[in-house]
Amino acid sequence: MWQKYDFKQAYKNIVNSNIKLYQMNILVCISKTPDTTSKISFKSGDTEYNSDGVTFIMNPYDEWYALVRAIELTEQNGGNVTVLNVGPASNDIIIRKALAIGGSDAVRIDTEASDAYTVASNIAAYAKTKSFDLIFLGKETIDYNGSEVGAMVAELLDLPYVSYASTLEISGSTSTVTRDIEGGVEVCQVDGPFVLSAAKGMAEQRIPNMKGIMMAKNKPLEVIAPIGDAAKVSTIQFVLPPAKSGVKLIDPENMDELVRLLHEEAKVI
Amino acid sequence: MSVLVYIESPKGQFKKTGLEVASYASKVAQATGTEAIALVIGNAQNAGQLGLYGISKVLHVNSNDTIEFDAQSFTKVICDIALAQGATTVILSNTANGKALTGRLAIRMNAGSVSGANSLPDLSNGFVVSKSVYSGKAIVKYNITTANKVISVMGNSLQPEATGSDVTAEPIQVSFPTTKLKVLERKTSEGIVPLPEAELVVSAGRGMKGPENWGIIEDLATSLGATTACSRPVADTHWRPHHEHVGQTGVAIRPNLYIAAGISGAIQHLAGVNNSKVIVVINKDPEAPFFKAADYGVVGDLFDVVPRLTAAIKKFKAS
(Lines give C-alpha, C1' and ligand atoms only; values in the text may rest on other atoms or scores of the structure.)
Protein backbone atom coordinates (compact mmCIF):
# COMPACT_ATOMS: atom_id res chain seq x y z
CA MET A 1 0.00 0.00 0.00
CA TRP A 2 1.20 3.53 -0.77
CA GLN A 3 2.15 5.56 2.18
CA LYS A 4 1.04 9.10 1.70
CA TYR A 5 4.12 11.31 1.36
CA ASP A 6 3.98 14.02 4.00
CA PHE A 7 5.50 17.11 2.38
CA LYS A 8 4.95 19.18 5.49
CA GLN A 9 6.84 16.73 7.65
CA ALA A 10 9.61 16.46 5.07
CA TYR A 11 10.00 20.23 5.07
CA LYS A 12 10.04 20.29 8.85
CA ASN A 13 12.75 17.62 8.87
CA ILE A 14 14.88 19.69 6.52
CA VAL A 15 14.41 22.83 8.59
CA ASN A 16 15.04 20.96 11.84
CA SER A 17 18.21 19.38 10.52
CA ASN A 18 19.65 22.86 10.11
CA ILE A 19 18.49 24.24 13.42
CA LYS A 20 21.83 24.20 15.16
CA LEU A 21 23.52 25.94 12.29
CA TYR A 22 21.15 28.65 11.25
CA GLN A 23 17.94 29.04 13.13
CA MET A 24 17.79 32.40 14.80
CA ASN A 25 15.72 33.94 17.52
CA ILE A 26 15.50 37.63 16.84
CA LEU A 27 13.97 40.22 19.15
CA VAL A 28 12.66 43.29 17.33
CA CYS A 29 11.80 46.28 19.51
CA ILE A 30 9.19 48.59 18.03
CA SER A 31 7.89 51.92 19.21
CA LYS A 32 4.94 54.10 18.41
CA THR A 33 5.28 57.62 17.03
CA PRO A 34 2.91 60.26 15.71
CA ASP A 35 2.70 60.30 11.93
CA THR A 36 5.11 62.91 10.53
CA THR A 37 2.30 65.01 9.12
CA SER A 38 0.57 65.30 12.52
CA LYS A 39 -0.17 68.69 13.98
CA ILE A 40 1.84 69.20 17.15
CA SER A 41 0.22 70.63 20.27
CA PHE A 42 0.67 70.24 24.00
CA LYS A 43 -1.48 70.09 27.12
CA SER A 44 -1.18 70.18 30.94
CA GLY A 45 0.71 73.48 30.89
CA ASP A 46 2.83 72.46 27.88
CA THR A 47 4.32 69.50 29.74
CA GLU A 48 2.55 66.75 27.79
CA TYR A 49 2.09 65.91 24.13
CA ASN A 50 -1.54 66.31 23.09
CA SER A 51 -2.44 63.08 21.31
CA ASP A 52 -6.07 64.04 20.60
CA GLY A 53 -6.86 63.37 16.97
CA VAL A 54 -3.29 62.29 16.20
CA THR A 55 -2.64 59.27 13.98
CA PHE A 56 0.00 57.03 15.49
CA ILE A 57 2.16 54.71 13.45
CA MET A 58 4.88 52.14 14.03
CA ASN A 59 8.18 54.01 13.99
CA PRO A 60 9.25 53.64 10.33
CA TYR A 61 12.86 52.68 11.11
CA ASP A 62 11.60 49.89 13.37
CA GLU A 63 9.04 48.74 10.80
CA TRP A 64 10.66 49.14 7.39
CA TYR A 65 14.20 48.19 8.29
CA ALA A 66 14.58 46.34 11.64
CA LEU A 67 11.43 44.23 11.47
CA VAL A 68 11.57 43.40 7.76
CA ARG A 69 15.26 42.42 7.86
CA ALA A 70 14.57 40.15 10.86
CA ILE A 71 11.71 38.50 8.97
CA GLU A 72 13.89 38.04 5.88
CA LEU A 73 16.59 36.34 7.94
CA THR A 74 14.18 33.88 9.50
CA GLU A 75 12.55 33.23 6.13
CA GLN A 76 15.95 32.24 4.77
CA ASN A 77 17.23 30.33 7.75
CA GLY A 78 14.29 29.41 9.94
CA GLY A 79 13.79 30.87 13.37
CA ASN A 80 11.54 33.18 15.26
CA VAL A 81 10.91 36.93 15.30
CA THR A 82 9.57 38.20 18.60
CA VAL A 83 8.13 41.72 18.48
CA LEU A 84 8.48 43.72 21.68
CA ASN A 85 6.86 47.00 22.59
CA VAL A 86 6.98 48.96 25.82
CA GLY A 87 3.70 50.85 26.11
CA PRO A 88 0.00 50.90 26.95
CA ALA A 89 -2.81 48.73 25.50
CA SER A 90 -3.51 51.31 22.80
CA ASN A 91 -0.22 50.18 21.19
CA ASP A 92 -1.67 46.75 20.42
CA ILE A 93 -2.74 48.02 17.00
CA ILE A 94 0.85 48.59 15.87
CA ILE A 95 1.95 45.32 17.45
CA ARG A 96 -0.71 43.46 15.42
CA LYS A 97 0.55 45.23 12.32
CA ALA A 98 4.08 43.98 13.06
CA LEU A 99 2.66 40.46 13.37
CA ALA A 100 0.74 40.93 10.10
CA ILE A 101 3.97 41.90 8.35
CA GLY A 102 5.49 38.63 9.56
CA GLY A 103 6.51 38.72 13.22
CA SER A 104 6.05 35.32 14.89
CA ASP A 105 4.84 36.39 18.31
CA ALA A 106 4.73 39.51 20.43
CA VAL A 107 5.20 40.85 23.92
CA ARG A 108 3.97 44.14 25.29
CA ILE A 109 5.41 45.44 28.53
CA ASP A 110 2.54 47.34 30.01
CA THR A 111 3.95 50.70 31.06
CA GLU A 112 4.31 54.21 29.68
CA ALA A 113 7.50 54.74 27.67
CA SER A 114 8.41 57.77 29.76
CA ASP A 115 12.05 58.04 28.74
CA ALA A 116 14.72 56.09 26.86
CA TYR A 117 15.97 54.54 30.09
CA THR A 118 12.55 53.20 31.12
CA VAL A 119 12.11 51.61 27.70
CA ALA A 120 15.64 50.17 27.59
CA SER A 121 15.56 48.78 31.12
CA ASN A 122 12.29 46.97 30.38
CA ILE A 123 13.60 45.56 27.10
CA ALA A 124 16.85 44.40 28.71
CA ALA A 125 15.09 42.84 31.69
CA TYR A 126 12.86 40.88 29.31
CA ALA A 127 15.72 39.87 27.02
CA LYS A 128 17.66 38.51 30.00
CA THR A 129 14.92 35.96 30.64
CA LYS A 130 15.22 34.60 27.06
CA SER A 131 18.06 33.83 24.73
CA PHE A 132 18.00 35.94 21.59
CA ASP A 133 20.66 35.69 18.91
CA LEU A 134 20.07 39.22 17.73
CA ILE A 135 18.24 42.29 19.01
CA PHE A 136 17.06 44.76 16.37
CA LEU A 137 15.51 48.18 16.50
CA GLY A 138 15.31 51.24 14.26
CA LYS A 139 18.17 53.75 14.27
CA GLU A 140 16.00 56.26 16.13
CA THR A 141 12.36 57.25 16.53
CA ILE A 142 11.13 59.91 14.14
CA ASP A 143 9.68 62.03 16.96
CA TYR A 144 12.58 62.23 19.46
CA ASN A 145 15.55 61.16 17.29
CA GLY A 146 17.46 60.21 20.42
CA SER A 147 18.97 56.92 19.25
CA GLU A 148 19.57 55.98 22.88
CA VAL A 149 17.47 52.87 23.52
CA GLY A 150 19.59 50.47 21.44
CA ALA A 151 22.81 51.69 23.02
CA MET A 152 21.31 51.35 26.49
CA VAL A 153 19.99 47.84 25.85
CA ALA A 154 23.41 46.78 24.56
CA GLU A 155 25.14 48.13 27.65
CA LEU A 156 22.59 46.59 30.02
CA LEU A 157 23.14 43.20 28.35
CA ASP A 158 26.89 43.74 27.87
CA LEU A 159 26.61 43.10 24.14
CA PRO A 160 28.29 44.73 21.13
CA TYR A 161 26.23 47.46 19.46
CA VAL A 162 26.21 48.43 15.80
CA SER A 163 24.21 51.57 15.15
CA TYR A 164 22.86 53.09 11.91
CA ALA A 165 23.33 49.77 10.14
CA SER A 166 22.39 49.79 6.46
CA THR A 167 23.30 46.21 5.51
CA LEU A 168 23.65 42.95 7.44
CA GLU A 169 24.88 39.59 6.21
CA ILE A 170 25.19 36.57 8.48
CA SER A 171 27.38 33.55 8.04
CA GLY A 172 27.32 31.07 10.89
CA SER A 173 27.83 33.06 14.07
CA THR A 174 29.59 35.93 12.30
CA SER A 175 27.74 39.01 11.12
CA THR A 176 29.09 41.56 8.68
CA VAL A 177 27.46 44.96 9.06
CA THR A 178 27.75 48.24 7.20
CA ARG A 179 27.02 51.28 9.35
CA ASP A 180 26.46 54.85 8.21
CA ILE A 181 29.02 57.35 9.47
CA GLU A 182 29.63 61.01 8.55
CA GLY A 183 30.19 61.17 4.80
CA GLY A 184 30.39 57.42 4.22
CA VAL A 185 30.22 53.97 5.75
CA GLU A 186 32.16 51.69 8.06
CA VAL A 187 32.13 47.91 7.65
CA CYS A 188 32.44 45.81 10.78
CA GLN A 189 32.30 42.20 11.77
CA VAL A 190 30.65 40.95 14.94
CA ASP A 191 30.91 37.58 16.54
CA GLY A 192 27.82 36.18 18.28
CA PRO A 193 24.80 38.05 19.62
CA PHE A 194 24.63 41.83 19.37
CA VAL A 195 22.26 44.77 19.25
CA LEU A 196 21.68 46.43 15.88
CA SER A 197 19.94 49.70 15.03
CA ALA A 198 18.71 49.69 11.45
CA ALA A 199 18.83 52.52 8.92
CA LYS A 200 17.65 52.95 5.34
CA GLY A 201 19.07 50.31 3.01
CA MET A 202 18.67 47.43 5.47
CA ALA A 203 15.42 46.20 3.86
CA GLU A 204 12.42 47.31 1.84
CA GLN A 205 9.11 48.22 3.41
CA ARG A 206 6.50 45.43 3.34
CA ILE A 207 2.79 46.11 3.21
CA PRO A 208 0.84 43.50 5.20
CA ASN A 209 -1.47 41.42 3.00
CA MET A 210 -4.90 40.09 3.91
CA LYS A 211 -3.55 36.64 4.83
CA GLY A 212 -0.97 38.24 7.11
CA ILE A 213 -3.60 40.41 8.75
CA MET A 214 -5.87 37.39 9.38
CA MET A 215 -2.99 35.29 10.74
CA ALA A 216 -1.84 38.11 13.00
CA LYS A 217 -5.13 37.94 14.90
CA ASN A 218 -4.23 34.47 16.17
CA LYS A 219 -0.57 35.01 16.88
CA PRO A 220 0.35 35.18 20.56
CA LEU A 221 0.58 38.66 22.13
CA GLU A 222 1.68 38.34 25.73
CA VAL A 223 1.18 41.32 28.03
CA ILE A 224 3.53 41.50 30.97
CA ALA A 225 3.82 43.85 33.93
CA PRO A 226 6.68 46.38 33.94
CA ILE A 227 10.01 44.90 34.91
CA GLY A 228 12.27 47.89 34.27
CA ASP A 229 13.20 51.04 36.14
CA ALA A 230 11.73 54.51 36.48
CA ALA A 231 12.70 57.44 34.25
CA LYS A 232 15.89 59.41 34.88
CA VAL A 233 14.99 62.61 33.10
CA SER A 234 11.76 64.55 33.39
CA THR A 235 10.05 66.72 30.82
CA ILE A 236 9.77 70.27 32.13
CA GLN A 237 8.13 71.92 29.17
CA PHE A 238 7.52 71.86 25.44
CA VAL A 239 7.95 75.10 23.54
CA LEU A 240 7.35 75.95 19.91
CA PRO A 241 10.33 77.13 17.89
CA PRO A 242 10.39 80.83 17.01
CA ALA A 243 8.11 81.40 14.02
CA LYS A 244 9.67 82.21 10.66
CA SER A 245 8.97 85.79 9.69
CA GLY A 246 7.79 84.68 6.26
CA VAL A 247 9.57 84.25 2.99
CA LYS A 248 11.20 87.22 1.29
CA LEU A 249 10.83 86.81 -2.47
CA ILE A 250 13.74 87.87 -4.65
CA ASP A 251 13.52 88.78 -8.33
CA PRO A 252 14.95 85.80 -10.28
CA GLU A 253 16.79 88.26 -12.53
CA ASN A 254 18.55 89.85 -9.56
CA MET A 255 20.74 87.28 -7.84
CA ASP A 256 23.14 90.02 -6.71
CA GLU A 257 20.35 91.11 -4.37
CA LEU A 258 20.05 87.59 -2.90
CA VAL A 259 23.80 87.47 -2.34
CA ARG A 260 23.69 90.90 -0.67
CA LEU A 261 20.88 89.77 1.68
CA LEU A 262 22.68 86.52 2.54
CA HIS A 263 25.78 88.53 3.37
CA GLU A 264 24.40 91.67 5.03
CA GLU A 265 21.06 90.61 6.49
CA ALA A 266 21.35 86.87 7.16
CA LYS A 267 25.14 87.03 7.66
CA VAL A 268 25.64 83.45 6.47
CA ILE A 269 28.12 84.09 3.66
CA MET B 1 33.72 67.29 40.35
CA SER B 2 34.55 68.10 36.74
CA VAL B 3 33.15 68.02 33.23
CA LEU B 4 34.65 65.46 30.86
CA VAL B 5 34.30 65.87 27.11
CA TYR B 6 35.22 63.20 24.58
CA ILE B 7 36.59 64.80 21.40
CA GLU B 8 36.59 62.63 18.29
CA SER B 9 39.59 62.81 15.98
CA PRO B 10 38.73 61.04 12.72
CA LYS B 11 41.88 60.56 10.62
CA GLY B 12 43.87 62.22 13.39
CA GLN B 13 42.14 65.59 13.06
CA PHE B 14 39.62 67.44 15.20
CA LYS B 15 36.53 68.59 13.38
CA LYS B 16 34.38 71.59 14.01
CA THR B 17 31.85 69.44 15.91
CA GLY B 18 34.69 68.44 18.24
CA LEU B 19 35.72 72.04 18.90
CA GLU B 20 32.06 72.92 19.49
CA VAL B 21 31.72 70.34 22.26
CA ALA B 22 35.04 71.50 23.76
CA SER B 23 33.52 74.99 24.01
CA TYR B 24 30.24 73.55 25.29
CA ALA B 25 32.02 71.58 28.03
CA SER B 26 34.12 74.53 29.14
CA LYS B 27 31.02 76.72 29.37
CA VAL B 28 29.21 74.07 31.44
CA ALA B 29 32.28 73.77 33.67
CA GLN B 30 32.45 77.54 34.08
CA ALA B 31 28.75 77.75 34.96
CA THR B 32 29.08 74.97 37.54
CA GLY B 33 32.34 76.28 39.01
CA THR B 34 34.51 73.37 37.95
CA GLU B 35 37.06 72.44 35.27
CA ALA B 36 36.62 70.97 31.82
CA ILE B 37 38.77 67.96 30.93
CA ALA B 38 39.03 66.78 27.34
CA LEU B 39 39.55 63.15 26.44
CA VAL B 40 41.15 62.27 23.11
CA ILE B 41 41.49 58.65 22.04
CA GLY B 42 44.14 57.50 19.58
CA ASN B 43 45.95 59.41 16.90
CA ALA B 44 45.30 63.17 16.98
CA GLN B 45 47.44 66.08 15.90
CA ASN B 46 48.15 68.72 18.52
CA ALA B 47 45.61 67.64 21.16
CA GLY B 48 46.83 70.53 23.33
CA GLN B 49 45.07 73.03 21.03
CA LEU B 50 41.83 72.14 22.85
CA GLY B 51 43.06 74.48 25.57
CA LEU B 52 42.14 77.30 23.20
CA TYR B 53 38.50 76.41 23.70
CA GLY B 54 38.63 76.63 27.48
CA ILE B 55 39.73 73.09 28.27
CA SER B 56 42.06 73.06 31.28
CA LYS B 57 43.36 69.50 30.96
CA VAL B 58 43.71 67.26 27.91
CA LEU B 59 44.09 63.52 28.46
CA HIS B 60 45.41 61.81 25.38
CA VAL B 61 44.78 58.07 25.45
CA ASN B 62 47.14 55.84 23.42
CA SER B 63 48.23 58.80 21.35
CA ASN B 64 50.44 56.78 19.03
CA ASP B 65 47.81 54.29 17.97
CA THR B 66 44.97 54.26 15.50
CA ILE B 67 42.11 52.95 17.57
CA GLU B 68 39.02 51.69 15.75
CA PHE B 69 35.70 52.68 17.22
CA ASP B 70 33.73 50.15 19.19
CA ALA B 71 30.91 51.52 21.34
CA GLN B 72 31.38 48.78 23.96
CA SER B 73 35.09 49.22 24.63
CA PHE B 74 35.02 53.02 24.25
CA THR B 75 32.22 53.20 26.82
CA LYS B 76 34.32 51.27 29.35
CA VAL B 77 37.38 53.45 28.75
CA ILE B 78 35.50 56.76 28.91
CA CYS B 79 33.61 55.67 32.02
CA ASP B 80 36.78 54.56 33.82
CA ILE B 81 38.46 57.87 33.07
CA ALA B 82 35.38 59.84 34.11
CA LEU B 83 35.40 58.04 37.46
CA ALA B 84 39.15 58.51 37.92
CA GLN B 85 38.84 62.24 37.15
CA GLY B 86 35.79 62.70 39.36
CA ALA B 87 33.75 63.81 36.35
CA THR B 88 30.00 63.86 36.95
CA THR B 89 29.03 65.31 33.57
CA VAL B 90 30.19 63.82 30.28
CA ILE B 91 29.73 65.68 27.00
CA LEU B 92 29.82 64.04 23.56
CA SER B 93 29.25 65.11 19.96
CA ASN B 94 25.95 63.97 18.47
CA THR B 95 27.79 62.19 15.66
CA ALA B 96 27.35 58.58 14.53
CA ASN B 97 29.85 57.47 17.17
CA GLY B 98 28.66 59.97 19.76
CA LYS B 99 25.10 58.69 19.44
CA ALA B 100 26.28 55.10 19.83
CA LEU B 101 28.05 56.11 23.07
CA THR B 102 25.46 58.37 24.72
CA GLY B 103 23.01 55.70 25.85
CA ARG B 104 25.70 53.15 26.72
CA LEU B 105 27.66 55.61 28.80
CA ALA B 106 24.51 56.78 30.58
CA ILE B 107 23.86 53.20 31.69
CA ARG B 108 27.43 52.56 32.76
CA MET B 109 27.65 55.82 34.70
CA ASN B 110 24.14 55.43 36.10
CA ALA B 111 23.42 58.83 34.61
CA GLY B 112 20.45 60.65 33.19
CA SER B 113 21.07 61.53 29.56
CA VAL B 114 19.91 63.76 26.73
CA SER B 115 20.92 62.97 23.18
CA GLY B 116 21.00 65.86 20.72
CA ALA B 117 21.01 68.94 23.00
CA ASN B 118 20.70 72.14 20.97
CA SER B 119 21.89 74.70 23.52
CA LEU B 120 23.76 75.10 26.79
CA PRO B 121 21.97 73.79 29.89
CA ASP B 122 19.84 76.21 31.90
CA LEU B 123 21.09 75.93 35.49
CA SER B 124 18.72 78.46 37.03
CA ASN B 125 16.36 75.76 38.25
CA GLY B 126 17.96 72.31 38.05
CA PHE B 127 19.94 71.12 35.04
CA VAL B 128 17.65 71.75 32.10
CA VAL B 129 18.71 70.70 28.62
CA SER B 130 16.65 71.38 25.51
CA LYS B 131 16.50 69.58 22.18
CA SER B 132 14.49 69.79 18.99
CA VAL B 133 11.71 67.17 18.64
CA TYR B 134 8.75 66.30 16.40
CA SER B 135 10.57 67.01 13.12
CA GLY B 136 11.68 70.40 14.37
CA LYS B 137 8.10 71.40 15.18
CA ALA B 138 8.80 71.72 18.91
CA ILE B 139 11.58 72.01 21.47
CA VAL B 140 11.49 69.91 24.64
CA LYS B 141 13.17 70.92 27.88
CA TYR B 142 14.37 68.10 30.10
CA ASN B 143 15.54 68.29 33.66
CA ILE B 144 18.31 65.80 34.41
CA THR B 145 17.90 65.05 38.10
CA THR B 146 20.59 62.39 38.52
CA ALA B 147 24.00 63.24 40.00
CA ASN B 148 25.76 61.98 36.86
CA LYS B 149 24.80 63.38 33.47
CA VAL B 150 25.59 62.47 29.88
CA ILE B 151 24.77 64.92 27.09
CA SER B 152 25.43 64.69 23.38
CA VAL B 153 25.36 68.00 21.55
CA MET B 154 23.94 68.57 18.05
CA GLY B 155 26.40 69.96 15.55
CA ASN B 156 26.25 73.73 14.90
CA SER B 157 24.46 74.40 18.21
CA LEU B 158 27.10 76.89 19.29
CA GLN B 159 30.21 78.38 17.74
CA PRO B 160 33.56 77.22 19.10
CA GLU B 161 35.21 80.16 20.88
CA ALA B 162 38.99 80.27 20.95
CA THR B 163 39.43 82.41 24.04
CA GLY B 164 41.96 80.34 26.00
CA SER B 165 45.44 79.11 25.21
CA ASP B 166 47.11 75.82 24.32
CA VAL B 167 47.79 73.31 27.07
CA THR B 168 50.17 70.37 27.18
CA ALA B 169 48.30 67.15 26.55
CA GLU B 170 48.92 64.43 29.14
CA PRO B 171 49.51 61.05 27.51
CA ILE B 172 47.91 58.04 29.16
CA GLN B 173 48.15 54.43 28.18
CA VAL B 174 45.02 52.30 28.50
CA SER B 175 44.53 48.69 27.52
CA PHE B 176 41.31 48.49 25.56
CA PRO B 177 39.12 45.53 26.49
CA THR B 178 38.82 43.01 23.69
CA THR B 179 35.35 42.76 22.26
CA LYS B 180 33.52 40.76 19.64
CA LEU B 181 33.47 43.63 17.14
CA LYS B 182 36.12 44.36 14.57
CA VAL B 183 36.16 47.23 12.06
CA LEU B 184 37.09 45.87 8.63
CA GLU B 185 37.14 49.04 6.54
CA ARG B 186 35.89 52.57 6.23
CA LYS B 187 34.78 54.29 3.04
CA THR B 188 34.34 58.04 3.21
CA SER B 189 34.38 60.68 0.53
CA GLU B 190 37.61 62.64 0.62
CA GLY B 191 38.05 66.38 0.71
CA ILE B 192 34.46 67.49 1.29
CA VAL B 193 32.82 68.42 4.57
CA PRO B 194 30.35 65.65 5.50
CA LEU B 195 26.73 66.86 5.53
CA PRO B 196 26.11 66.66 9.28
CA GLU B 197 29.04 69.06 9.81
CA ALA B 198 28.51 71.32 6.81
CA GLU B 199 27.75 75.00 7.46
CA LEU B 200 26.68 75.62 3.87
CA VAL B 201 24.60 73.11 1.92
CA VAL B 202 23.32 73.22 -1.66
CA SER B 203 20.60 70.68 -2.34
CA ALA B 204 18.52 69.71 -5.34
CA GLY B 205 15.56 67.52 -6.14
CA ARG B 206 13.50 66.06 -8.93
CA GLY B 207 13.26 69.47 -10.59
CA MET B 208 16.76 68.74 -11.91
CA LYS B 209 15.19 66.28 -14.40
CA GLY B 210 18.23 63.97 -14.47
CA PRO B 211 21.63 63.27 -12.93
CA GLU B 212 23.42 64.67 -15.99
CA ASN B 213 22.23 68.17 -15.03
CA TRP B 214 23.94 68.24 -11.63
CA GLY B 215 26.87 70.29 -12.90
CA ILE B 216 25.12 73.60 -12.12
CA ILE B 217 24.49 72.44 -8.52
CA GLU B 218 28.11 71.40 -8.09
CA ASP B 219 29.25 74.74 -9.52
CA LEU B 220 27.07 76.62 -7.06
CA ALA B 221 28.35 74.48 -4.18
CA THR B 222 31.96 75.01 -5.26
CA SER B 223 31.49 78.78 -5.52
CA LEU B 224 30.25 78.83 -1.91
CA GLY B 225 32.48 76.08 -0.51
CA ALA B 226 29.28 74.19 0.29
CA THR B 227 28.46 70.48 0.52
CA THR B 228 25.92 69.03 -1.92
CA ALA B 229 22.78 67.22 -0.82
CA CYS B 230 19.63 65.85 -2.43
CA SER B 231 16.03 64.88 -1.76
CA ARG B 232 14.80 61.34 -1.23
CA PRO B 233 13.45 60.60 -4.74
CA VAL B 234 16.81 61.65 -6.18
CA ALA B 235 18.72 59.24 -3.92
CA ASP B 236 16.15 56.47 -4.44
CA THR B 237 16.56 56.65 -8.21
CA HIS B 238 20.37 56.68 -7.76
CA TRP B 239 20.80 60.06 -9.43
CA ARG B 240 22.92 60.92 -6.41
CA PRO B 241 24.66 58.77 -3.75
CA HIS B 242 22.64 57.60 -0.75
CA HIS B 243 24.77 59.57 1.75
CA GLU B 244 23.67 62.87 0.13
CA HIS B 245 20.02 62.26 1.00
CA VAL B 246 18.76 64.78 3.57
CA GLY B 247 15.35 64.44 5.18
CA GLN B 248 13.56 62.27 7.64
CA THR B 249 14.90 58.93 6.45
CA GLY B 250 18.22 60.41 5.36
CA VAL B 251 20.63 62.71 7.15
CA ALA B 252 19.29 65.43 9.45
CA ILE B 253 21.27 68.63 9.07
CA ARG B 254 21.37 72.09 10.62
CA PRO B 255 23.67 74.24 8.50
CA ASN B 256 23.83 78.03 8.58
CA LEU B 257 22.61 78.14 4.99
CA TYR B 258 20.51 75.61 3.10
CA ILE B 259 19.81 76.30 -0.56
CA ALA B 260 17.18 74.02 -2.11
CA ALA B 261 16.61 73.97 -5.86
CA GLY B 262 13.78 72.01 -7.43
CA ILE B 263 12.59 70.48 -4.15
CA SER B 264 8.89 70.91 -3.36
CA GLY B 265 9.40 70.66 0.41
CA ALA B 266 7.35 67.69 1.62
CA ILE B 267 7.12 67.46 5.40
CA GLN B 268 9.47 64.44 5.37
CA HIS B 269 12.12 66.56 3.66
CA LEU B 270 11.56 69.52 5.98
CA ALA B 271 11.98 67.20 8.98
CA GLY B 272 15.63 66.81 8.07
CA VAL B 273 16.42 70.41 7.19
CA ASN B 274 14.17 72.81 9.08
CA ASN B 275 16.74 73.39 11.80
CA SER B 276 18.87 75.18 9.20
CA LYS B 277 19.47 78.79 10.24
CA VAL B 278 18.63 80.27 6.81
CA ILE B 279 16.74 78.52 4.02
CA VAL B 280 16.74 79.67 0.39
CA VAL B 281 14.23 78.00 -1.92
CA ILE B 282 14.44 78.10 -5.70
CA ASN B 283 11.39 76.66 -7.43
CA LYS B 284 9.36 77.50 -10.51
CA ASP B 285 6.12 76.60 -8.72
CA PRO B 286 5.11 79.53 -6.48
CA GLU B 287 2.76 77.14 -4.63
CA ALA B 288 5.62 74.79 -3.60
CA PRO B 289 5.12 74.16 0.15
CA PHE B 290 8.83 74.74 0.76
CA PHE B 291 8.37 78.53 0.36
CA LYS B 292 6.42 78.50 3.65
CA ALA B 293 9.52 77.26 5.49
CA ALA B 294 11.94 79.49 3.58
CA ASP B 295 13.61 82.76 4.56
CA TYR B 296 14.35 83.73 0.98
CA GLY B 297 12.56 82.49 -2.11
CA VAL B 298 13.19 82.73 -5.81
CA VAL B 299 10.28 81.81 -8.08
CA GLY B 300 11.89 80.86 -11.35
CA ASP B 301 13.39 78.14 -13.50
CA LEU B 302 16.33 76.68 -11.61
CA PHE B 303 18.22 76.13 -14.87
CA ASP B 304 18.34 79.94 -15.24
CA VAL B 305 18.44 80.96 -11.59
CA VAL B 306 21.15 78.61 -10.28
CA PRO B 307 23.88 79.62 -12.79
CA ARG B 308 22.93 83.28 -12.22
CA LEU B 309 23.31 82.82 -8.46
CA THR B 310 26.67 81.10 -8.96
CA ALA B 311 27.87 84.04 -11.05
CA ALA B 312 26.65 86.52 -8.41
CA ILE B 313 28.48 84.61 -5.66
CA LYS B 314 31.69 84.50 -7.69
CA LYS B 315 31.40 88.26 -8.24
CA PHE B 316 30.82 88.80 -4.49
CA LYS B 317 33.78 86.60 -3.52
CA ALA B 318 36.04 88.39 -5.97
CA SER B 319 35.06 91.85 -4.70
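## A parallel pair in chain A

Strand β7 (residues 105–109) of chain A pairs with β13(A) in the parallel sense, over four bridges. Helices (H or I, at least four residues) and strands (E, at least two) are DSSP runs, numbered from the N terminus, and two strands pair if DSSP finds at least two bridges between them. Within this pairing, A:A106 has A:L221 in β13(A) as its bridge partner.

Please keep in mind that this is a predicted model, in which local features need pLDDT of at least 70, side-chain atom pairs count only at pLDDT 80 or more, and totals for chains, interfaces and linings use all residues. Residues are numbered from 1 along each chain as its sequence is written, while chains are lettered from A and ligands numbered from 1 in the order in which they are written.

## The sheet of 10 strands

These strands belong to an open sheet of 10 strands with mixed pairing, in the order β13(A)-β7(A)-β6(A)-β1(A)-β8(A)-β12(A)-β9(A)-β10(A)-β11(A)-β10(B). At its edges stand β13 (221–224) of chain A and β10 (181–188) of chain B; each has a single partner strand, so one side of each is left without a neighbour in the sheet. On average, neighbouring strands here are turned by 30° against each other, direction ignored.

Helix α4 (residues 92–101) of chain A lies across β6 (79–86), β7 and β13 of chain A, at about 160° to β7(A). For such angles, axes are lines fitted to C-alpha atoms, for helices over the stretch in contact, and the angles run from 0 to 180 degrees between N-to-C directions. Chain B supplies a helix too: α3(B) lies across β9 (161–171) and β10 (174–181) of chain A, running at about 95° to β9(A).

## Where the chains meet

In the interface, 77 residues of chain B are in contact with 63 residues of chain A, where contact means that the C-beta atoms of two residues, placed from the backbone, lie within 7 Å. Helix α3 (residues 96–108) of chain B gives the most to chain B's side, with nine residues. That side divides into 36 nonpolar, 26 polar and 15 charged residues; Ala, Val, Leu, Ile, Met, Phe, Trp, Tyr, Cys and Pro count as nonpolar, Asp, Glu, Lys and Arg as charged, and the others, Gly among them, as polar.

## The parallel sheet

Another open sheet has six strands, in the order β15(A)-β15(B)-β14(B)-β13(B)-β11(B)-β12(B), with parallel pairing. Its edges are β15 (248–249) of chain A and β12 (227–230) of chain B; each has a single partner strand, so one side of each is left without a neighbour in the sheet. Helix α4 (residues 215–224) of chain B packs on this sheet, touching β11 (200–204), β12 and β13 (257–261) of chain B, and its direction makes about 175° with that of β11(B).

B:Y296 in β15(B) is worth a look: the residue is the bridge partner of A:K248 and also of B:V280. Two bridges join β15(A) to β15(B), and four join β14 (residues 278–283) of chain B to β15 (residues 296–299) of chain B. Helix α8 (residues 302–318) of chain B lies across β13, β14 and β15 of chain B, at about 135° to β14(B).

## Two domains in chain B

Chain B is divided into domain 1 (2–172) and domain 2 (195–318), with bounds from an automatic or database domain assignment. The centres of these domains of chain B, taken over C-alpha atoms, are separated by 31 Å. Their contact takes 10 residues from domain 1 of chain B and 11 residues from domain 2 of chain B.
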